[in-house]
Amino acid sequence: MKHTGIMKKINIIGGGLAGSEAALQFADRGWKVFLYDMRPGKMTPAHETGLLAEIVCSNSLKSELHSTASGLLKAEMQLLGCKLLNIAHECRVPAGNALAVDRKMFARSVTKIIEKHRNIEIIRKEVTELDNDLTIIATGPLTSDKLAGELRRIIGDKQLYFFDSIAPIVAAGSLDYNILYKKSRYDKGSDDYWNCPFSRDEYEHFVELLEKAEKHPIHEFEDKFFQSLKFRFYENCIPIEELARRGKETLRFGVMRPVGLDNPATGKRPYAVIQLRSENLAGNAFNLVGCQTMMKYGEQEKVFRAIPGFGKAEFLRLGSIHRNSYIDSPQVLNMDFSMKNRKNIYIAGQLAGVEGYMESILSGLLVAMAISEKLDLPPATTISGQLWRYLLNPNKNFQPMNANFGLLPDLEKKERDKKLKKSKLADRSLRDLQIFLGK
Ligand SMILES: Cc1cc2nc3c(=O)[nH]c(=O)nc-3n(C[C@H](O)[C@H](O)[C@H](O)COP(=O)(O)OP(=O)(O)OC[C@H]3O[C@@H](n4cnc5c(N)ncnc54)[C@H](O)[C@@H]3O)c2cc1C
């Protein structure tokens, strides 16, 4: 990777969510950006296209309500000048209070904007070695094995890892709409979700099928190094069959909870419910909410066809499991996200230990601002400020983190009403961030 001329220059490795956001941030500030991505020449196990900022699984970027942590995060990112959030708004599909996008439209839009940007050069190449140029690594949870090996060489055995899984997508036209009904929980927001209602017998049969289903043995997926590590899941993305094995009622009180989803046709609450969220603007494909899985493909078709309304379901994509890499950031990184033993190299995105689409975009935004603007830590009362601190403060049990209210310090005056408390926390955060940014 070679730099010439007087313009400030930076290499960004990985044109995913964090890398694309960082590239646009630098380019709009007049930096020359060399954006490397190995796709489509070399694909990851989850990406399906050569497009930049491809969203690999659920198309939901979660709630926009300020009374939720993900909604507050988005409001903060808007104040910080996030580029990809604006593009997401232009590609949204109906999803109640959540910001969900047409994944292809979103990735195409980001790719087009980056391709057209005069300050960005896209280089389609797998990077396997790191040099002394100013560089951000944003290669995500599916960082290629060769680059992961180079990172291990630099940081020793401090790289950590976990596994997680993705949910199937089903063709809308293959479902039975005499059984399914549209409704959002407690009728909050518009009724953008389709619901598959289970009777007690249907639920128990479904759980039994999940418990018995054969899953992929881990050696089919991973190289020897990863096989030698302990196999574990990140708690927020546990396969549905693993949850089913935890107890008969686990799903009914979790992803399949029926509260607030009474069937309008009967006026009764089903025993359990699986929700379907539109996968694209055309509305011809649905994502099975909470049904991420590592069951064998044949088993998945059998098990998921037991969902009421799914007798003739046609699956457009089946679920799968993948490695999810991240580094031990508190040990490896300085406060500005540069590596302690290679100060020219910065880490962004999920590889740095954030978890989630918006969090990965935030990470790209913050690293870009830390380098180009020497941005200081945002206030401790903000989600973005606390995620930054979380990544870099000493922590013996470091695990990827997503936006949540638990990150924020308590209000000065105790508030017992939970809803009011969240709304006060959000108000405080946005006010403090505005002051911090001089807005
Ligand atoms: C299968 C899967 C499902 C997920 N589901 C969800 C979900 O439903 N909701 C959610 O909020 N989060 C989910 N995540 C987590 C996370 O939000 C996403 O992975 C997110 O895309 C991470 O953003 P990123 O920019 O760090 O990495 P990515 O968006 O993955 O981008 C990394 C880029 O680096 C490129 N790359 C990798 N190695 C190299 C190399 N050596 N040289 C050049 N380029 C390279 C890749 O091609 C890719 O384009 C999921 C993750 C995975 C893997």
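Modeller: By class, the shell around the ligand holds 16 nonpolar, 17 polar and 3 charged residues. The classes are as follows: Ala, Val, Leu, Ile, Met, Phe, Trp, Tyr, Cys and Pro count as nonpolar, Asp, Glu, Lys and Arg as charged, and the others, Gly among them, as polar. This is a predicted model, in which local features need pLDDT of at least 70, side-chain atom pairs count only at pLDDT 80 or more, and totals for chains, interfaces and linings use all residues. Residues are numbered from 1 along each chain as its sequence is written.

In total 36 residues surround the ligand, and the closest are Gly14, Gly16, Cys57, Gly140 and Gly349. A residue is near a molecule if its C-beta atom, placed from the backbone, lies within 6 Å of it. Two or more residues of the shell come from each of helix 1 (17-28), strand 2 (32-37), strand 15 (320-327) and helix 11 (357-372). Helix 1 supplies the largest share, 3 residues. Helices (H or I, at least four residues) and strands (E, at least two) are DSSP runs, numbered from the N terminus.

The loop between strand 2 and strand 3 (60-63) contains Pro40, and the peptide bond joining Arg39 and Pro40 is cis, with omega about 0°.

An open sheet is formed by 6 strands in the order 10-11-12-13-9-14, with antiparallel pairing. Its edge strands, strand 10 (181-182) and strand 14 (315-317), each pair on one side only. Two strands pair if DSSP finds at least two bridges between them. Strand 9 (residues 169-171) and strand 13 (residues 285-288) run antiparallel and are joined by 3 bridges; Ala171 of the chain stands opposite Ala285 in strand 13.

The loop between strand 10 and strand 11 (194-198) holds Tyr186, and Asp187 is placed in the loop between strand 10 and strand 11 as well. Tyr186 has a positive phi of about 55° although it is not a glycine. Asp187, also not a glycine, has a positive phi of about 55°. Tyr186 is exposed, with 10 other C-beta atoms within 10 Å, whereas Asp187 counts as partly exposed, with 13 C-beta neighbours inside 10 Å. A residue is buried if 20 or more other C-beta atoms lie within 10 Å of its own, exposed if 12 or fewer, and partly exposed in between, with C-beta atoms placed from the backbone.
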